Structure formats: structure tokens, C-alpha cells
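Hello,

Please find the structure below, handed over for your own work. My notes on it follow directly after.

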Amino acid sequence: LKAAGAVGEVVGLGRTQASLAAAQQRGVIDRIASDWADALHDADLVFLAMPVGQVASVLVSMAPYLSSTTVITDGGSTKVDVALAARQALGAQCAQFVPGHPIAGAEKSGVAAARADLFYQKRVVLTPLAENTEAHIALVEHVWQACGAEVSRLDAEDHDRVFAAVSHLPHFLAFALVHEFAQRADSAQLFGFAAGGFRDFTRIASSHPEMWRDICLANRSALLVELDAYMVELMRARVLLAGADAEGLQAMFDTARTRRDAWLDGLTPPGE
Ligand SMILES: NC(=O)C1=CN([C@@H]2O[C@H](COP(=O)(O)OP(=O)(O)OC[C@H]3O[C@@H](n4cnc5c(N)ncnc54)[C@H](O)[C@@H]3O)[C@@H](O)[C@H]2O)C=CC1
Ligand SMILES: O=C(O)C(=O)Cc1ccc(O)cc1
């Protein structure tokens, strides 16, 4: 928003002074707040950007200082839990909280990984609460659009089901695969010969462990459904392999490649 000239003063509040000082030094924030009262004074919009397991306690801490004119949003990767936390912590003021999720990021974390163009031509999903007014939703939509993002809306349950499949499952699998190799006696040899395919498949296992612990736990039931479906597919694939079913394996690989290529072809940046 600062790069787009779409914001006045950006005030940061966080856990560690060192991160806040680094954010200020990089120009990500203009000023470090001393506490919630200071941070929320005259604030138009609050963006919460912490692991989803922290959102409930953060909302409880800020609630006493929240005026009726401040809008809150978040960037958490799961939405059913965040909506519940907002209702419990804010009561009727949850009408001022518009949950959101930018579908952009990387395996990197911390303020050093910040990039002004991170959300440019990327999707952002808002999962508005029934209590939100259209004006509050429009404000949040507008700030994401100012960052170059394409905004869409989903129910929180649909959001969590979709992202359990296309984001949470792949991260879970990547962590599990690297973990399994790391436990082996021949681990050094395996990693010594691992190359591009392994790097592509496992890049996201370099993601932040606390963040992903919270996502997996928050979306546990939807993730378990996806994990079970994948395990069934793996068993099907195992049957093909064990039976040396060349035709069956090739048909599976063909379908997967065709579908992935079509997805990549359809991945034109928003607005083009
Ligand atoms: N990294 C990614 O690619 C994406 C992350 N998200 C979501 O965005 C949120 C933030 O993730 P990142 O910015 O990547 O993480 P990050 O690790 O870069 O930043 C999280 C920050 O939250 C702070 N924090 C933790 N607990 C806190 C608390 N109780 N009070 C105040 N600050 C606290 C940490 O000290 C850290 O500075 C998470 O909910 C994550 O699920 C969403 C889309 C993409
Ligand atoms: O590293 C990647 O490619 C990601 O998939 C980043 C990411 C992580 C969490 C999200 O909720 C959305 C995007």
C-alpha cells in the first residue's frame, strides 16, 4: 500500500522489538506502536499477519481499544477458525472484521522476505461474515486492489475445503517426505544425490514450521479428508505399479500431465 501511495501512516505492533525495528528500517512501517491503545488510535484499517493460532488471543487483546470506525482484516491461511475467533473476541464488533487470505507468498518468512510486489496480479479471497456491511468489505477489497490483487469471495467453509486440497495437503506431503528421508540411516547419501525434481517437490518444506503447524491444526478435518483421498489414490497407484500395469500407469500419468498443463495454460495473470 505504501508503494502504491494508497495509505497514510503505517503503524506496526508486534512481539519482538528487533522485527519491528527491521520493519521500520526497511520502510515497511512508519512508526512502532507502544501498545494496542496507541496502535488503534485513529486507525482506519488493521491488518493481522500472524500464525492463525495466535489470532484469537490477539483479537482479545485489541478488543478493548477498538473504536466503532476501525475496520480489521487478516491474511491468515484458514478462515473458519479466524471467523469463530472474531465472533468470540469481538462480539457485535465482529461486523468490523472482514476475513481475508492472499493467495501469494513463499517458503520465506519474516520482514526480510517482504516485497512490495508480492500481491501484484495474485488472487485474494475474502470470506465476509454475515455481519459485515458492504462498505467494510469494499474497503478491504479496495486496499487489495491497490496492491494489484484480484479479489474474490468464498464462504469460509468452501475456502477451507479448497485450500486443504490445493495448499495445505501439498505442504503437509512435502514436510512428511523430507522428514522421512531425514530419519534414514542413508539420509546424507539421499540428500547428496537429490536434484531438481526433489527440489521442486519439496521447496515448500522450507516454509515456517509454526505457521504450518497452526494451519494444519486449524483445518484438520478438511485436511484429513484430502489426506485420505490422496492415500486412496496412492494405493491405486501402488496396485498399478505392483502389477507392472504399464497401460494403467501411463494412463494415470497422461491424465495428470494433461490436467496440469491445462491449469498452467489457464493461469493467465488477472486483468489480461
Ligand atoms: N507465508 C506465506 O506464504 C503466506 C502466509 N499467510 C498467512 O499469513 C500469516 C502471516 O504469515 P507470514 O507473514 O508468512 O509469517 P511471518 O513469520 O513472516 O510473520 C508472522 C509474524 O507474526 C508475529 N507474531 C506471532 N505471534 C504473534 C502475536 N501473538 N502477536 C503479535 N505478533 C505475533 C511473528 O513474530 C512474526 O513476525 C499467517 O497466518 C499465514 O498463514 C497467507 C498467505 C501466504
Ligand atoms: O510457497 C508457496 O508457494 C505457497 O504456497 C505460499 C503460500 C502459503 C500459504 C498460503 O496460505 C498461501 C500461499
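Pro102 has Val124 in E7 as its bridge partner. That pair belongs to the antiparallel pairing of strand E6 (residues 100-102) with strand E7 (residues 123-126), which are joined by three bridges. On strand E8 (residues 150-153), E7 has a parallel partner, with four bridges between the two. Within that pairing, Leu126 is opposite Arg153 in E8. Please keep in mind throughout that this is a predicted model.

There is also an open sheet of three strands, ordered E3-E4-E5, with parallel pairing. Its edges are strand E3 (45-48) and strand E5 (97-98); each has a single partner strand, so one side of each is left without a neighbour in the sheet. Leu45 is found opposite Val71 in E4.

On the domains: the protein is divided into domain 1 (11-154) and domain 2 (159-265). Their centres, taken over C-alpha atoms, are separated by 30 Å. The contact between them involves 14 residues of domain 1 and 15 residues of domain 2. On the domain 1 side, the residues that touch domain 2 comprise five nonpolar, six polar and three charged ones.

Next, the nonpolar core. The largest one has 35 residues, and Leu59 and Ala86 are the members that touch the most others. Helix H4 (residues 80-90) supplies the largest share of this core, with six residues. Leaving aside residues up to four places away in sequence, Leu59 touches Ala85, Ala86, Ala89 and Leu90. As general background, nonpolar side chains in soluble globular proteins tend to be buried together.

Last, ligand 2. Which residues are around ligand 2? They are Ser77, Ile103, Gly105, Ala106, Glu107, Ser167 and Ile204. Sorted by class, this shell around ligand 2 consists of three nonpolar, three polar and one charged residues.

Regards

Methods:
Residues are numbered from 1 along each chain as its sequence is written. Chains are lettered from A and ligands numbered from 1 in the order in which they are written. This is a predicted model: local features need pLDDT of at least 70, side-chain atom pairs count only at pLDDT 80 or more; totals for chains, interfaces and linings use all residues. A residue is near a molecule or strand if its C-beta atom, placed from the backbone, lies within 6 Å of it. Ala, Val, Leu, Ile, Met, Phe, Trp, Tyr, Cys and Pro count as nonpolar, Asp, Glu, Lys and Arg as charged, and the others, Gly among them, as polar. Domain bounds come from an automatic or database domain assignment. Two residues are in contact if their C-beta atoms, placed from the backbone, lie within 7 Å. A nonpolar core is a set of buried Ala, Val, Leu, Ile, Met, Phe, Trp, Tyr and Cys residues joined through C-beta atoms within 7 Å. A residue is buried if 20 or more other C-beta atoms lie within 10 Å of its own, exposed if 12 or fewer, and partly exposed in between; C-beta atoms are placed from the backbone. Two strands pair if DSSP finds at least two bridges between them.
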